[in-house]
Amino acid sequence: MTTPVDFGILSLGSALGEPQSVADTVGDFVDDPERVLRWGYRTYHRAAPGTTPTDLAARAARVALDRAGLEPKDVDRLIVADSDVPEYLHWDLSASVARAIGLRGTPTLLLSQSCAAATLAFHQAAGTFAVQPDTEHILVVAVNQVSEGHRNRMRTNTCLGSDGAAAAVLRRGHGRLRWLATEQITDPECADFFRAEFGGSAVPVAPQGRSNLDVDPLSRVHEHFARDPRRLREFVTALNSRIAAVVDQACARAGVNREDISRLIYLNDNQHSLAGAAEALGLPVERTNARLAAELGHCGGADQLLCLERHVEQGETAPGEVVALAGIGSGMHWFATLLKA
(Lines give C-alpha, C1' and ligand atoms only; values in the text may rest on other atoms or scores of the structure.)
Protein backbone atom coordinates (compact mmCIF):
# COMPACT_ATOMS: atom_id res chain seq x y z
CA MET A 1 0.00 0.00 0.00
CA THR A 2 1.95 3.03 -1.23
CA THR A 3 1.01 6.70 -1.06
CA PRO A 4 2.60 9.71 -2.76
CA VAL A 5 3.63 11.04 0.67
CA ASP A 6 3.90 9.35 4.04
CA PHE A 7 2.26 11.02 7.04
CA GLY A 8 -0.03 10.09 9.90
CA ILE A 9 -1.91 11.59 12.81
CA LEU A 10 0.38 12.06 15.79
CA SER A 11 -2.29 13.35 18.17
CA LEU A 12 -5.89 14.51 18.38
CA GLY A 13 -7.68 17.04 20.58
CA SER A 14 -11.15 18.49 20.94
CA ALA A 15 -13.26 21.15 22.65
CA LEU A 16 -17.03 21.17 23.01
CA GLY A 17 -19.71 23.57 24.15
CA GLU A 18 -21.84 22.84 27.19
CA PRO A 19 -23.83 19.57 26.97
CA GLN A 20 -27.58 20.01 26.53
CA SER A 21 -30.37 17.44 26.73
CA VAL A 22 -32.33 17.23 23.50
CA ALA A 23 -35.49 16.11 25.26
CA ASP A 24 -35.32 19.01 27.73
CA THR A 25 -34.61 21.80 25.22
CA VAL A 26 -36.17 20.77 21.90
CA GLY A 27 -39.26 22.86 22.62
CA ASP A 28 -37.09 25.99 22.74
CA PHE A 29 -36.18 25.53 19.06
CA VAL A 30 -39.11 23.92 17.26
CA ASP A 31 -42.86 23.59 17.59
CA ASP A 32 -42.82 19.97 16.38
CA PRO A 33 -40.50 18.23 18.90
CA GLU A 34 -41.37 14.71 17.78
CA ARG A 35 -39.78 15.36 14.38
CA VAL A 36 -36.44 16.13 16.03
CA LEU A 37 -36.68 13.41 18.68
CA ARG A 38 -37.11 10.80 15.92
CA TRP A 39 -33.60 11.64 14.72
CA GLY A 40 -32.21 9.76 17.71
CA TYR A 41 -30.02 12.45 19.29
CA ARG A 42 -29.83 12.47 23.09
CA THR A 43 -27.32 15.29 23.65
CA TYR A 44 -25.87 18.24 21.78
CA HIS A 45 -23.40 20.96 22.75
CA ARG A 46 -23.98 24.69 22.89
CA ALA A 47 -21.18 27.21 23.30
CA ALA A 48 -21.39 29.35 26.41
CA PRO A 49 -22.27 33.04 25.87
CA GLY A 50 -19.24 35.00 24.73
CA THR A 51 -17.48 31.94 23.28
CA THR A 52 -16.31 32.35 19.68
CA PRO A 53 -15.26 29.80 17.05
CA THR A 54 -11.69 31.08 17.55
CA ASP A 55 -11.96 30.15 21.24
CA LEU A 56 -13.20 26.62 20.52
CA ALA A 57 -10.64 26.04 17.77
CA ALA A 58 -7.76 27.30 19.92
CA ARG A 59 -8.80 25.07 22.83
CA ALA A 60 -8.82 21.98 20.61
CA ALA A 61 -5.50 22.95 19.02
CA ARG A 62 -3.79 23.35 22.39
CA VAL A 63 -4.98 19.90 23.51
CA ALA A 64 -3.63 18.28 20.34
CA LEU A 65 -0.29 20.08 20.62
CA ASP A 66 0.08 19.16 24.30
CA ARG A 67 -0.65 15.50 23.56
CA ALA A 68 1.95 15.57 20.77
CA GLY A 69 4.53 17.13 23.09
CA LEU A 70 4.93 20.06 20.68
CA GLU A 71 5.19 23.81 21.05
CA PRO A 72 3.63 26.33 18.64
CA LYS A 73 7.07 26.90 17.12
CA ASP A 74 7.08 23.26 15.97
CA VAL A 75 4.06 23.79 13.70
CA ASP A 76 5.09 24.29 10.06
CA ARG A 77 1.59 25.00 8.71
CA LEU A 78 -1.89 25.55 10.13
CA ILE A 79 -5.03 24.51 8.25
CA VAL A 80 -8.35 25.66 9.74
CA ALA A 81 -11.71 24.34 8.55
CA ASP A 82 -14.85 26.30 9.45
CA SER A 83 -18.30 24.91 8.66
CA ASP A 84 -20.64 27.65 9.85
CA VAL A 85 -21.07 31.43 9.56
CA PRO A 86 -17.73 33.23 10.16
CA GLU A 87 -17.30 35.61 13.06
CA TYR A 88 -16.68 38.53 10.70
CA LEU A 89 -16.70 39.30 6.98
CA HIS A 90 -13.44 40.23 5.19
CA TRP A 91 -11.61 38.31 7.95
CA ASP A 92 -9.59 35.11 8.19
CA LEU A 93 -10.31 32.62 10.95
CA SER A 94 -7.06 30.75 10.31
CA ALA A 95 -5.03 33.87 11.15
CA SER A 96 -7.18 34.46 14.25
CA VAL A 97 -6.57 30.90 15.48
CA ALA A 98 -2.84 31.23 14.74
CA ARG A 99 -2.70 34.34 16.91
CA ALA A 100 -4.71 32.66 19.69
CA ILE A 101 -2.34 29.68 19.97
CA GLY A 102 0.86 31.71 19.62
CA LEU A 103 1.98 30.94 16.06
CA ARG A 104 4.25 33.60 14.59
CA GLY A 105 5.00 33.73 10.87
CA THR A 106 3.55 30.25 10.28
CA PRO A 107 1.65 29.89 6.97
CA THR A 108 -2.08 29.31 7.41
CA LEU A 109 -4.92 28.16 5.18
CA LEU A 110 -8.67 28.58 5.68
CA LEU A 111 -11.07 25.97 4.25
CA SER A 112 -14.80 26.69 4.23
CA GLN A 113 -16.43 23.88 2.22
CA SER A 114 -19.04 23.30 4.94
CA CYS A 115 -19.03 19.79 6.40
CA ALA A 116 -16.43 18.59 3.87
CA ALA A 117 -13.69 21.01 4.83
CA ALA A 118 -11.77 19.11 7.53
CA THR A 119 -11.79 15.78 5.71
CA LEU A 120 -10.57 17.47 2.54
CA ALA A 121 -7.83 19.16 4.58
CA PHE A 122 -5.90 15.88 4.43
CA HIS A 123 -5.58 16.34 0.68
CA GLN A 124 -4.22 19.87 1.18
CA ALA A 125 -1.80 18.56 3.80
CA ALA A 126 -0.61 15.82 1.45
CA GLY A 127 0.17 18.43 -1.19
CA THR A 128 2.14 20.51 1.30
CA PHE A 129 4.17 17.52 2.50
CA ALA A 130 4.84 16.57 -1.14
CA VAL A 131 6.16 19.93 -2.34
CA GLN A 132 7.83 21.13 0.88
CA PRO A 133 10.27 18.46 2.09
CA ASP A 134 11.17 20.52 5.15
CA THR A 135 7.59 20.43 6.48
CA GLU A 136 7.41 18.09 9.47
CA HIS A 137 4.20 19.02 11.30
CA ILE A 138 0.85 20.32 10.03
CA LEU A 139 -1.87 21.26 12.49
CA VAL A 140 -5.42 20.78 11.20
CA VAL A 141 -8.24 22.36 13.21
CA ALA A 142 -11.95 22.06 12.43
CA VAL A 143 -14.61 24.15 14.17
CA ASN A 144 -18.38 24.46 14.04
CA GLN A 145 -20.33 26.94 16.12
CA VAL A 146 -23.93 27.43 15.07
CA SER A 147 -24.72 31.09 14.50
CA GLU A 148 -28.16 31.20 16.06
CA GLY A 149 -28.81 34.58 14.45
CA HIS A 150 -28.60 32.86 11.05
CA ARG A 151 -29.77 29.29 11.63
CA ASN A 152 -32.00 27.28 13.91
CA ARG A 153 -29.81 24.38 15.02
CA MET A 154 -32.81 22.04 14.95
CA ARG A 155 -34.36 23.16 11.66
CA THR A 156 -31.51 23.70 9.16
CA ASN A 157 -31.54 20.15 7.81
CA THR A 158 -32.04 16.68 9.27
CA CYS A 159 -29.07 16.97 11.65
CA LEU A 160 -29.06 18.61 15.07
CA GLY A 161 -26.42 21.36 15.03
CA SER A 162 -23.82 21.27 17.79
CA ASP A 163 -20.87 23.48 18.78
CA GLY A 164 -17.41 21.96 18.91
CA ALA A 165 -13.89 21.83 17.50
CA ALA A 166 -11.35 19.11 16.83
CA ALA A 167 -7.65 19.23 15.98
CA ALA A 168 -5.11 16.80 14.55
CA VAL A 169 -1.33 17.08 14.47
CA LEU A 170 -0.06 15.49 11.26
CA ARG A 171 3.57 14.34 11.24
CA ARG A 172 5.66 13.32 8.23
CA GLY A 173 6.57 9.61 8.40
CA HIS A 174 4.34 8.86 11.38
CA GLY A 175 3.16 5.25 11.25
CA ARG A 176 -0.19 5.44 13.06
CA LEU A 177 -3.40 6.68 11.46
CA ARG A 178 -1.51 6.97 8.18
CA TRP A 179 -3.17 8.88 5.35
CA LEU A 180 -3.95 6.70 2.35
CA ALA A 181 -6.15 8.77 0.05
CA THR A 182 -8.72 11.55 -0.18
CA GLU A 183 -11.42 11.78 -2.85
CA GLN A 184 -14.34 14.12 -3.57
CA ILE A 185 -17.42 14.22 -5.83
CA THR A 186 -19.18 17.57 -6.36
CA ASP A 187 -22.64 18.08 -7.83
CA PRO A 188 -22.77 21.81 -8.74
CA GLU A 189 -26.47 21.61 -9.58
CA CYS A 190 -27.05 21.49 -5.83
CA ALA A 191 -24.91 24.54 -5.05
CA ASP A 192 -27.79 26.55 -3.56
CA PHE A 193 -29.06 23.92 -1.16
CA PHE A 194 -29.07 25.04 2.50
CA ARG A 195 -27.67 28.50 1.84
CA ALA A 196 -28.43 31.44 4.16
CA GLU A 197 -30.48 33.91 2.15
CA PHE A 198 -29.52 37.21 3.76
CA GLY A 199 -26.26 38.82 4.82
CA GLY A 200 -24.08 38.02 1.81
CA SER A 201 -23.25 40.38 -1.04
CA ALA A 202 -26.27 39.26 -3.10
CA VAL A 203 -28.76 40.35 -0.41
CA PRO A 204 -26.75 42.18 2.28
CA VAL A 205 -29.78 43.21 4.32
CA ALA A 206 -32.94 41.17 4.83
CA PRO A 207 -36.22 42.79 3.72
CA GLN A 208 -38.10 44.46 6.51
CA GLY A 209 -39.68 41.92 8.79
CA ARG A 210 -37.63 39.02 7.39
CA SER A 211 -34.56 37.14 8.62
CA ASN A 212 -32.67 33.97 7.82
CA LEU A 213 -34.54 32.29 10.65
CA ASP A 214 -37.77 32.70 8.70
CA VAL A 215 -36.43 30.72 5.74
CA ASP A 216 -36.83 26.94 5.59
CA PRO A 217 -33.48 25.72 4.17
CA LEU A 218 -35.06 22.47 2.99
CA SER A 219 -37.47 24.42 0.80
CA ARG A 220 -34.72 25.00 -1.78
CA VAL A 221 -34.26 21.25 -2.10
CA HIS A 222 -37.98 20.77 -2.80
CA GLU A 223 -38.02 23.72 -5.23
CA HIS A 224 -35.05 22.28 -7.13
CA PHE A 225 -36.99 19.10 -7.79
CA ALA A 226 -40.18 21.02 -8.61
CA ARG A 227 -41.78 19.34 -5.60
CA ASP A 228 -41.87 16.09 -7.60
CA PRO A 229 -41.80 13.20 -5.05
CA ARG A 230 -40.27 10.80 -7.58
CA ARG A 231 -37.32 13.07 -8.35
CA LEU A 232 -36.80 13.75 -4.66
CA ARG A 233 -36.77 10.01 -3.86
CA GLU A 234 -34.21 9.43 -6.62
CA PHE A 235 -32.02 12.15 -5.12
CA VAL A 236 -32.24 10.66 -1.62
CA THR A 237 -31.26 7.27 -3.02
CA ALA A 238 -28.33 8.90 -4.82
CA LEU A 239 -27.04 10.37 -1.55
CA ASN A 240 -25.89 7.00 -0.27
CA SER A 241 -24.86 5.60 -3.64
CA ARG A 242 -22.50 8.55 -4.07
CA ILE A 243 -21.05 7.93 -0.61
CA ALA A 244 -20.24 4.41 -1.77
CA ALA A 245 -18.85 5.78 -5.05
CA VAL A 246 -16.50 8.29 -3.43
CA VAL A 247 -15.27 5.70 -0.92
CA ASP A 248 -14.63 3.30 -3.81
CA GLN A 249 -12.63 6.02 -5.58
CA ALA A 250 -10.52 6.50 -2.47
CA CYS A 251 -10.01 2.74 -2.18
CA ALA A 252 -8.86 2.55 -5.79
CA ARG A 253 -6.46 5.43 -5.18
CA ALA A 254 -5.05 3.75 -2.08
CA GLY A 255 -4.88 0.25 -3.56
CA VAL A 256 -7.32 -1.30 -1.07
CA ASN A 257 -10.75 -2.86 -1.38
CA ARG A 258 -13.97 -1.60 0.16
CA GLU A 259 -14.06 -4.87 2.14
CA ASP A 260 -10.81 -3.78 3.85
CA ILE A 261 -12.60 -0.89 5.57
CA SER A 262 -13.29 -1.79 9.18
CA ARG A 263 -14.96 1.42 10.35
CA LEU A 264 -16.93 4.27 8.78
CA ILE A 265 -16.78 7.62 10.56
CA TYR A 266 -19.53 9.58 8.90
CA LEU A 267 -21.21 12.87 9.69
CA ASN A 268 -22.86 12.92 13.09
CA ASP A 269 -26.11 12.57 11.19
CA ASN A 270 -29.45 11.26 12.41
CA GLN A 271 -29.63 7.53 13.15
CA HIS A 272 -31.66 6.69 10.02
CA SER A 273 -29.12 8.39 7.72
CA LEU A 274 -26.19 6.74 9.47
CA ALA A 275 -27.81 3.34 9.01
CA GLY A 276 -28.28 4.09 5.31
CA ALA A 277 -24.64 5.09 4.86
CA ALA A 278 -23.49 1.95 6.65
CA GLU A 279 -25.70 -0.22 4.46
CA ALA A 280 -24.35 1.45 1.31
CA LEU A 281 -20.82 0.40 2.33
CA GLY A 282 -21.83 -3.05 3.55
CA LEU A 283 -20.93 -2.35 7.18
CA PRO A 284 -23.00 -2.99 10.31
CA VAL A 285 -24.12 0.26 11.92
CA GLU A 286 -22.12 -0.78 15.02
CA ARG A 287 -18.98 -0.14 12.93
CA THR A 288 -19.92 3.51 12.45
CA ASN A 289 -20.02 6.55 14.71
CA ALA A 290 -23.79 6.23 15.27
CA ARG A 291 -23.46 5.90 19.05
CA LEU A 292 -21.19 8.93 19.27
CA ALA A 293 -23.40 10.97 16.94
CA ALA A 294 -26.33 10.61 19.34
CA GLU A 295 -24.20 12.05 22.17
CA LEU A 296 -22.21 14.71 20.33
CA GLY A 297 -24.69 16.20 17.86
CA HIS A 298 -23.61 17.41 14.41
CA CYS A 299 -20.49 19.55 14.79
CA GLY A 300 -20.21 20.30 11.07
CA GLY A 301 -16.80 19.57 9.58
CA ALA A 302 -15.39 18.64 12.99
CA ASP A 303 -17.50 15.46 13.24
CA GLN A 304 -15.03 13.00 11.77
CA LEU A 305 -12.04 14.15 13.86
CA LEU A 306 -14.15 14.36 17.03
CA CYS A 307 -15.33 10.79 16.58
CA LEU A 308 -11.94 9.49 15.47
CA GLU A 309 -10.44 10.83 18.71
CA ARG A 310 -13.03 8.96 20.77
CA HIS A 311 -12.79 5.71 18.79
CA VAL A 312 -9.01 5.75 19.29
CA GLU A 313 -9.28 6.55 23.00
CA GLN A 314 -11.80 3.74 23.48
CA GLY A 315 -9.59 1.19 21.70
CA GLU A 316 -11.97 0.75 18.78
CA THR A 317 -9.35 1.15 16.04
CA ALA A 318 -6.90 -1.76 15.90
CA PRO A 319 -3.49 -1.30 14.26
CA GLY A 320 -3.65 -2.04 10.53
CA GLU A 321 -7.38 -1.45 10.14
CA VAL A 322 -8.59 0.91 7.42
CA VAL A 323 -10.89 3.70 8.61
CA ALA A 324 -13.00 5.81 6.27
CA LEU A 325 -13.81 9.43 7.17
CA ALA A 326 -16.69 10.30 4.88
CA GLY A 327 -19.80 12.39 4.46
CA ILE A 328 -21.86 14.88 2.50
CA GLY A 329 -21.50 18.65 2.60
CA SER A 330 -23.43 21.61 1.24
CA GLY A 331 -22.36 22.53 -2.23
CA MET A 332 -22.94 19.61 -2.62
CA HIS A 333 -19.86 17.51 -1.93
CA TRP A 334 -19.43 13.80 -1.26
CA PHE A 335 -16.03 13.13 0.26
CA ALA A 336 -13.86 10.45 1.82
CA THR A 337 -10.43 10.16 3.40
CA LEU A 338 -8.94 6.76 4.20
CA LEU A 339 -6.57 6.21 7.13
CA LYS A 340 -4.66 3.08 8.18
CA ALA A 341 -4.82 2.79 11.95
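**Cysteines, helices and charged pairs**

Mentor: Cysteine 159 is buried, at 6% relative accessibility. Buried means under 20% relative accessible area, exposed means over 50%, and partly exposed is in between, with a 1.4 Å probe and protein chains only. The model is predicted, so local features need pLDDT of at least 70 and side-chain atom pairs count only at pLDDT 80 or more, while totals for chains, interfaces and linings use all residues. Residues are numbered from 1 along each chain as its sequence is written, and side-chain values use heavy atoms, leaving out hydrogens and water.

Now the sulfurs. A disulfide is a pair of cysteine sulfur atoms within 2.5 Å. The structure holds 0 of them. For cysteine 159, the closest cysteine sulfur is in cysteine 115, 7.0 Å away, too far for a bond. Cysteine 299 is in no disulfide either; the nearest cysteine sulfur belongs to cysteine 307, at 8.4 Å. Cysteine 299 counts as buried, with 0% relative accessibility.

Cysteine 307 takes us to helix 10. Helices here are DSSP runs of H or I with at least four residues, strands are runs of E with at least two, and both are numbered from the N terminus. Glycine 315 follows helix 10, and its phi is positive, near 70 degrees.

Compare helix 8, residues 271-281. Its buried residues are Leu274, Gly276, Ala277, Ala278 and Leu281. They pack against helix 7, strand 9 and helix 9; contact means heavy atoms within 4.5 Å. At the start of helix 8, a side-chain oxygen of asparagine 270 comes within 3.1 Å of the backbone nitrogen of histidine 272. Just after helix 8, glycine 282 has a positive phi of about 75 degrees.

Next, the charged pairs. Side chains of opposite charge can pair when their charged atoms come close. A salt bridge needs a side-chain nitrogen of Lys or Arg within 4 Å of a carboxyl oxygen of Asp or Glu. By this rule there are 17 salt bridges.

Take arginine 155 and aspartate 31. Their side chains meet in a salt bridge, 3.3 Å from N to O. Arginine 155 sits in the loop between strand 6 and strand 7, and aspartate 31 in the loop between helix 1 and helix 2, 124 residues apart. Arginine 155 is partly exposed at 30%, whereas aspartate 31 is exposed at 69%.

Arginine 42 and glutamate 295 form another salt bridge, with the closest N and O atoms 2.5 Å apart. Arginine 42 lies in the loop between helix 2 and strand 3, glutamate 295 in helix 9, and 253 residues separate them. Both count as partly exposed: arginine 42 at 46%, glutamate 295 at 31%.

Back to helix 10 for a further link. There, glutamate 313 forms a salt bridge with arginine 67 at 3.5 Å, N to O. Arginine 67 is in helix 3, so the pair ties together parts that are 246 residues apart in sequence. Arginine 67 is partly exposed at 46%. Finally, salt bridges that share partners join Asp31, Asp32, Arg35 and Arg155 into one network.

Conventions. A polar contact is a pair of N or O atoms within 3.5 Å; within protein, one must be able to donate a hydrogen and the other to accept it, and residues adjacent in sequence count only if both atoms are side-chain atoms.
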